[in-house]
Amino acid sequence: MGAMNKTVFVGVDVGASRTKVAVLDGEKNLLGFCVRKSGTDFQKTAEECLEESLKMAEASPESVGKCFSTGYGRKNVSFRDDTKTEIGCHARGAYHYFPIAITVIDIGGQDNKIIRLDDQGRRVNFKMNRKCAAGTGAFLEEMSMRLDIPLEEMDGLARTSEHMVELGSYCTVFSGTEVLEKIRQGEKVADIVKGLFYSVIKRVMEMDSLTDRIVMTGGVVEHNPYIVEMVREITGKDVLVPEHPQLTGAVGAALFAMEASLTE
Amino acid sequence: MREEMADEKKSMRKEIAAGKTLKKIMADHFYELDDAARTGSKKIAWCTSVGPAELLRGMGFLVYYPENHGAMLGATRMATELIPYANAQGYSPDICSYLTCDVGSYLQKKTPLTIAYGIESVPRPDVLVFNTNQCRDVQDWFAWYSRELNVPLIGIHTHRDIGQIRKYQIQDIARQTEDLIPALEEVSGEKFDMDRFKEAVAFSRRTSELWRECLESAAAIPSPWTFFDATIHMGPAVVARGTKEAVDYYELLLAELQERVKSGIAAVDGERHRIYWEGMPIWGKLRALSEQFASLKTCVVASTYCNSWIFDQLDPEEPFESMGRAYTELFIVRDEPYKEQYIKDCYDKFRFDGILYHDAKTCPNNSNNRYGMPERVSEKLGIPVITINGDLCDLRCYSEEQAKTNIEAFIEQLDER
């Protein structure tokens with residue numbers, strides 16, 4: 001993999017939680033990428049992510065044809081050529097991997113989105129989470145802290161659950177209190193963790209109805225693939241996942257960058 | 001590396017010249033009330049926005065509208081810090097934020113009238129008159145002042161969720177309105193004067209006709225003004241309803257809008273998309289939203305809210321009956337099928353590309369997204385819809401970044417069609 005002299009196209013997805021960069025070549029191949037905590041200096045994080053991605057792609061900064069940014073911090077990326085919303089970019093990225101009529105479910109660090117696309121990849125409808133971050137990565141981070149379990153161990157734990165414990169609270173903080181109550185009652189941690197995953201799924205499913213083909217994207221799905229299996233089981237639908245679900249927005253942004261370059 | 005992109009371009013706001021007259025009308029309205037409150041020269045009635053203002057004017061009262069004060073508290077962004085004082089008195093943060101910010105304003109003795117006009121406080125009422133066609137909250141709101149200031153509280157109780165209008169409903173509201181007269185005579189010390197009443201009804205009717213024409217000028221492509229302009233210029237239709245000043249103002253405004261249409265002057269340069277705003281304004285974010293839409297080459301051309309001050313059913317020959325009709329045919333008290341048809345009629349007239357529903361946390365009566373209407377209307381009209389979450393006055397309920405992203409993504413979606 002290398003692209004020293006070829007033009008590449010960059011997508012930068014600056015989320016509230018994580019910054020993702022994707023580098024594509026002219027044939028839409030993913031050559032390089034990087035994911036980092038966004039922190040408080042979005043510009044610096046974006047620059048560092050870009051550097052690492054280009055290194056992985058074996059591409060020089062001069063070979064970047066165009067760069068589009070997206071996400072919460074999209075306007076903080078000084079080297080962007082233009083911006084697109086994360087809704088647009090996740091739609092574009094998901095359709096790139098699955099060019100059929102789909103419903104995209106993106107579970108991000110603080111945002112959830114459900115985006116319905118027709119068979120041409122055009123957006124029919126979209127919804128984002130209302131007012132609070134229940135059912136997002138922030139919820140799982142809070143629970144990880146409450147349970148004193150590293151985030152990366154939650155997926156493995158949930159898989160071992162035999163009797164899932166359902167939680168009733170909506171609010172993330174109150175859910176934490178409920179979790180402690182369940183532990184006091186002697187419930188198994190694995191069963192509680194699966195219940196936490198189910199809470200995330202419930203919050204998402206309340207947002208909109210789903211079509212037959214679902215594509216799941218975002219960091220929560222990337223690091224907790226068991227959630228995808230649970231959604232399959234609960235909905236009985238065809239649930240698809242791109243190779244790097246957390247990069248879908250960045251890939252979409254890079255595709256928009258490429259298309260903008262071609263129309264010039 | 002690329003050079004830094006320019007910041008989001010801010011479109012030039014096209015100031016409406018009639019705005020200077022508007023400012024004077026609003027100032028005169030408050031100065032007159034303030035003078036009357038301090039000198040006792042005239043009696044003052046507090047009235048809800050679609051209350052029997054014509055009757056009150058006909059009986060010689062000056063009329064003050066607490067909802068207008070609530071809107072000012074929201075627009076000046078004073079509301080959010082005042083609401084908690086009402087909350088502490090037991091008024092839930094989930095109820096009407098006009099009510100909570102106005103009560104908070106009273107408790108803290110802070111009003112935007114001071115900054116705007118040098119007026120120390122809102123005018124003390126001699127009588128409080130409500131119509132629950134807006135919601136139950138207005139009655140509870142006025143009840144606070146009735147207890148606090150020991151002032152009589154009277155009002156009209158509306159029918160709700162009406163489909164087909166029945167004669168008995170109109171007559172009921174007409175009779176309730178008439179039944180207010182003895183209590184009002186006692187407060188005013190004057191006998192009810194039918195001619196003065198009919199004159200006020202006639203002025204209201206004419207104001208409504210002119211206001212309708214102003215709003216309908218936005219059917220032009222491009223539109224000469226936006227919803228954000230209209231929420232400001234509706235001031236006289238709200239507070240000066242039933243007076244000649246309001247009639248004169250809308251004749252002036254209409255002429256200017258018609259001139260813009262004739263000259264092809266667009267409120268939003270390069271108007272590419274047209275939107276219908278369903279629900280309350282977000283008072284503290286009018287400018288920000290106006291600028292965002294303009295930067296996206298999108299004009300919000302029509303709204304339920306501004307349309308709600310058209311009372312062209314009023315008839316000076318049948319004042320009570322026609323008021324009963326106007327208050328019963330009002331959008332806010334109608335059922336879902338009526339509202340959907342209403343929006344369809346607006347779609348045919350204003351030719352918009354999408355609808356934005358504003359779910360105002362503290363205003364269920366004006367948040368029409370909650371029973372599946374957006375989905376039904378979207379399917380019926382074949383256009384996309386979006387719902388944003390916010391509030392009329394309480395900015396704690398408004399996640400600005402979420403709303404901005406939703407709006408931007410919505411316009412992207414329209415661009416793709």
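Domain bounds here come from an automatic or database domain assignment. On this basis chain A of the predicted model is divided into domain 1, made of residues 8-89 and 247-262, and domain 2, covering residues 100-241. The centres of domain 1 of chain A and domain 2 of chain A, taken over C-alpha atoms, are separated by 26 Å. Their contact draws 6 residues from domain 1 of chain A and 9 residues from domain 2 of chain A. On the side of domain 1 of chain A that touches domain 2 of chain A, the residues comprise 2 nonpolar, 3 polar and 1 charged.

The secondary structure of chain A consists of 9 helices and 10 strands. With a radius of gyration of 19 Å, close to the 18 Å that the globule rule gives for 264 residues, chain A is as compact as a globular protein of that length. The C-alpha trace of chain A spans about 60 × 35 × 35 Å along its principal axes. Buried residues account for 50% of the 264 residues of chain A. When contacts in chain A between residues at least 6 apart in sequence are considered, 69% join residues at least 24 apart.

Chain B contains 19 helices and 8 strands. Along its principal axes, the C-alpha trace of chain B extends over about 75 × 45 × 40 Å. Of the 417 residues of chain B, 52% count as buried. For contacts in chain B between residues at least 6 apart in sequence, the share joining residues at least 24 apart is 77%.

One open sheet of chain B has 4 strands in the order 2-1-3-4, with parallel pairing. Its edge strands are strand 2 (62-64) and strand 4 (153-156) of chain B, each of which pairs on one side only. From one strand to the next, the twist of this sheet averages 25°. Strand 3 of chain B and strand 4 of chain B run parallel and are joined by 4 bridges. Within this part of the sheet, B:Asn131 stands opposite B:Ile156, a residue of strand 4 of chain B.

The loop between helix 6 (112-117) and strand 3 (127-131) of chain B contains B:Gly118. B:Gly118 has 10 other C-beta atoms within 10 Å; because a residue with 12 or fewer counts as exposed, B:Gly118 is exposed. B:Gly118 and B:Tyr31 are 87 residues apart along the chain, and their C-alpha atoms are separated by 9.4 Å.

Another open sheet of chain B is formed by 4 strands in the order 6-5-7-8, and its pairing is parallel. Strand 6 (298-303) and strand 8 (385-390) of chain B are the edge strands, each pairing on one side only. With direction ignored, neighbouring strands of this sheet are turned by 30° against each other on average. Strand 5 (residues 273-278) of chain B pairs with strand 6 of chain B in the parallel sense over 5 bridges. B:His273 has B:Thr298, in strand 6 of chain B, as its bridge partner.

Helix 17 (residues 336-350) of chain B packs on this sheet and touches strand 5 and strand 6 of chain B. The direction of helix 17 of chain B makes about 155° with that of strand 5 of chain B. Helix 18 (residues 373-381) of chain B lies across strand 7 (354-360) and strand 8 of chain B. Relative to strand 8 of chain B, helix 18 of chain B runs at about 155°.

The contact between the chains takes 18 residues from chain A and 16 residues from chain B. On the side of chain A that touches chain B, the elements giving two or more residues are helix 2 (86-97) and strand 8 (123-128) of chain A. Strand 8 of chain A gives the most to this side, with 4 residues. The residues of the side of chain A that touches chain B divide into 7 nonpolar, 4 polar and 7 charged.

Key: Residues numbered from 1 in each chain as written. Chains lettered and ligands numbered in written order. Predicted model: local features only at pLDDT ≥ 70, side-chain atom pairs only at ≥ 80, totals over all residues. Buried ≥ 20, exposed ≤ 12 C-beta atoms within 10 Å, placed from the backbone. Contact = placed C-beta atoms within 7 Å. Nonpolar A, V, L, I, M, F, W, Y, C, P; charged D, E, K, R; others polar. Pairing = 2+ DSSP bridges. Axes fitted to C-alpha atoms, helices over the stretch in contact; angles between N-to-C directions. Rg over C-alpha atoms; globule rule 2.2 N^0.38 Å.
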